[in-house]
Amino acid sequence: MSFSTVLRGCCVFVTVLGGLAARADAAPVLVHAEPAAGQLVPAGNVALKLSFNSVIDPFRARLLLLGPSGVPQLLPASPTDDEQHGLATTVALAPGHYVLHWRMRGQAGDPAQGTLPFDVGAAPGTTALPASASSSPVPASVVKK
């Protein structure tokens with residue numbers, strides 16, 4: 001085995017090891033949300049669920065809901081599974097436009113934040129959707145700090 005072969009093998013090993021270390025320390029990324037961005041859900045008790053691609057610290061997670069009244073509401077949330085890849089909560093909502101602001105930290109402390117806009121319509125069998133609600137999908141935004 002030549003020196004260049006050994007050196008090349010070491011470089012590949014260090015590159016792969018460095019990539020794995022960077023992935024382990026990466027900030028969490030939102031991979032699934034309920035309701036989805038831009039989704040219309042019926043009024044009443046609405047389940048909010050966020051799932052991430054890595055383990056999050058549920059004790060340092062913040063969910064802030066802004067609704068039609070303009071008053072921010074800090075929401076309590078619990079881990080959705082033993083692996084702590086998600087958070088869930090349920091909140092009673094009246095018809096209107098809402099934006100869920102979330103901020104998470106991964107195990108290594110790397111922060112991630114984003115917003116999730118959605119609309120709440122009238123409960124089935126009641127009046128129609130308010131004029132301020134949008135039926136076109138709006139993508140959720142994710143900001144990594």
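The points below go through the strands, the core and a few single residues of this predicted model.

1. Open sheet. Four strands make up an open sheet, and their order is E1-E3-E7-E6, with antiparallel pairing. E1 and E6 are the edge strands; each has a single partner strand, so one side of each has no neighbour in the sheet. As background, strands of a sheet pair through backbone hydrogen bonds, and the pairing may be parallel or antiparallel.

2. E6 and E7 run antiparallel and are joined by 2 bridges. In one of the pairs, Pro-79 has Leu-87 in E7 as its bridge partner. Strand E6 covers residues 78-79, while strand E7 covers 86-93.

3. The loop between E6 and E7. Gln-84 belongs to this loop. The phi of Gln-84 is near 55°, which is positive although the residue is not glycine. Most residues other than glycine have a negative phi.

4. Strand E9 and its partners. E9 spans residues 111-121. Of its 11 residues, 9 are buried, so the strand is mostly covered. E9 runs antiparallel to E8, with 10 bridges between the two, and parallel to E2, with 3 bridges. Tyr-98 is opposite Phe-118 of E9, and Val-41 is opposite Val-120 of E9.

5. The E8-E9 hairpin. E8 and E9 form a hairpin with 5 residues between them. Gly-109 lies in the turn and has a positive phi of about 95°.

6. Leu-116. This residue is in strand E9. Leu-116 has a relative accessible area of 2% and is therefore buried, the limit being under 20%. Tyr-98 is 18 residues away from Leu-116 along the chain, and their C-alpha atoms are 8.3 Å apart.

7. Nonpolar core. The largest nonpolar core has 24 residues. Those touching the most other members are Leu-50, Leu-65, Leu-93, Leu-100, Trp-102, Met-104 and Phe-118. At least two core residues come from each of the strands E1, E3, E4, E7, E8 and E9. In soluble globular proteins, nonpolar side chains tend to be buried together.

8. Leu-65. Setting aside residues up to four places away in sequence, Leu-65 touches a set of residues that includes Val-91, Leu-93, Tyr-98, Val-99, Leu-100 and Phe-118. Its contacts also include Val-71, Pro-72, Gln-73 and Leu-75.

9. Thr-89. This residue lies in strand E7 and counts as buried, because its relative accessibility of 11% is under 20%. A polar atom of the Thr-89 side chain is 2.6 Å from the backbone oxygen of Pro-76. Beyond neighbours within four places in sequence, Thr-89 is in contact with Val-46, Ala-47, Leu-48, Leu-63, Leu-75, Pro-76 and Ala-77.

10. A cis peptide bond. Glu-34 and Pro-35 are joined by a cis peptide bond, with omega about -5°. Most peptide bonds are trans. Pro-35 is in the loop between E1 and strand E2, the latter covering residues 40-42.

How values were computed
Residues numbered from 1 in each chain as written. Predicted model: local features only at pLDDT ≥ 70, side-chain atom pairs only at ≥ 80, totals over all residues. Heavy atoms only, no water. Core = buried A, V, L, I, M, F, W, Y, C linked by side-chain atoms within 4.5 Å. Buried < 20%, exposed > 50% of the residue type's maximum accessible area, 1.4 Å probe, protein only. Contact = heavy atoms within 4.5 Å. Polar contact = N/O pair within 3.5 Å; in protein donor to acceptor, adjacent residues only side chain to side chain. Pairing = 2+ DSSP bridges.
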